Amino acid sequence: MITKDSPKRIVVKPRRKNSRQPSYPHIERKTGVVGGEPVVSGTRTSVRAIAGYYQMGKTVDEILGLLSHLTHAQVHAALTYYFDNKNEIDKLIKENSDYERWERMALTRPKQGR
């Protein structure tokens, strides 16, 4: 479930049927930021990116070495969100690693003048 915290900021809450629905204090969705995907609050670093590094076998410390602007708490929150919403994030990872999809998008995107 997504609830509005302010007009531009949305606090991400998981879609669970039980009454104990945890919130993710370091994770948010913002319209116009990374296509509305869940990101680490105050950054453009997506949960998808952190989950992708994790899937590649990176530890939290290695992820922090690559994304040094994040804290341990932020990386752990992103991984918690990932494990609680694995199907959603795995789908985003698959969509964003589809070379043919990106190539089609690049060919159909209108050229911008300089």
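1. With which residue does Arg48 form a salt bridge, and how far apart are the closest N and O atoms? In this predicted model, the partner is Glu37, and the closest N and O atoms are 3.0 Å apart. The pair links distant parts of the chain, since Arg48 belongs to helix H1 whereas Glu37 sits in the loop between S3 and S4, eleven residues apart. Glu37 is buried, its relative accessible area being 9%, and Arg48 is also listed among the buried residues of H1.

2. Helix H1 covers residues 47–55, and within this helix Val47, Arg48, Ile50, Ala51 and Gly52 are buried. These buried residues pack against strand S3 (27–29), strand S4 (39–40), helix H2 (60–66), helix H3 (72–84) and helix H4 (86–96). Just after H1, Gly57 adopts a positive phi of about 95 degrees.

3. On the remaining charged pairs: the structure contains five salt bridges. One of them joins the side chains of Glu28 and Lys30, with an N to O distance of 3.8 Å. Glu28 is buried at a relative accessible area of 3%, which is under the 20% limit for that class. Lys30, at 28% relative accessibility, counts as partly exposed.

4. Another salt bridge is formed by the side chains of Lys91 and Glu95, at 3.9 Å from N to O. Both residues lie in helix H4, four residues apart, or about one turn of the helix. Lys91 is exposed, with a relative accessible area of 54%, while Glu95 is partly exposed at 29%.

5. A search of the whole structure for aromatic pairs returns three. In the pair of Tyr24 and Tyr81, the ring centres are 5.0 Å apart and the planes stand at 75 degrees, so the arrangement is edge-to-face. This pair links distant parts of the chain: Tyr24 is in the loop between strand S2 (10–12) and S3, Tyr81 is in helix H3, and 57 residues separate them. Tyr24 is buried at 3% relative accessible area, and Tyr81 is buried at 2%.

6. The rings of Tyr82 and Phe83 have their centres 5.1 Å apart, and their planes meet at 50 degrees, so this pair is classed as tilted. Tyr82 is buried, with a relative accessible area of 2%, whereas Phe83 is partly exposed at 42% relative accessibility.

7. Which residues touch the most other members of the largest nonpolar core? This core has 20 residues, and those with the most contacts to other members are Ile27, Val47, Ile50, Leu70, Val75, Tyr81 and Ile89. The elements giving two or more residues to the core are H1, H2, H3 and H4. H3 provides the largest share, six residues.

8. Leaving aside neighbours within four places in sequence, Leu70 is in contact with Val40, Thr43, Thr45, Ile50, Leu64 and Val75.

Methods. Residues are numbered from 1 along each chain as its sequence is written. This is a predicted model: local features need pLDDT of at least 70, side-chain atom pairs count only at pLDDT 80 or more; totals for chains, interfaces and linings use all residues. Side-chain values use heavy atoms; hydrogens and water are left out. Buried means under 20% relative accessible area, exposed over 50%, partly exposed in between (1.4 Å probe, protein chains only). Contact means heavy atoms within 4.5 Å. Rings of Phe, Tyr and Trp (its six-membered ring) pair if their centres lie within 6.5 Å; planes under 30 degrees apart count as stacked, over 60 as edge-to-face and the rest as tilted. A salt bridge is a side-chain nitrogen of Lys or Arg within 4 Å of a carboxyl oxygen of Asp or Glu. A nonpolar core is a set of buried Ala, Val, Leu, Ile, Met, Phe, Trp, Tyr and Cys residues joined through side-chain atoms within 4.5 Å.
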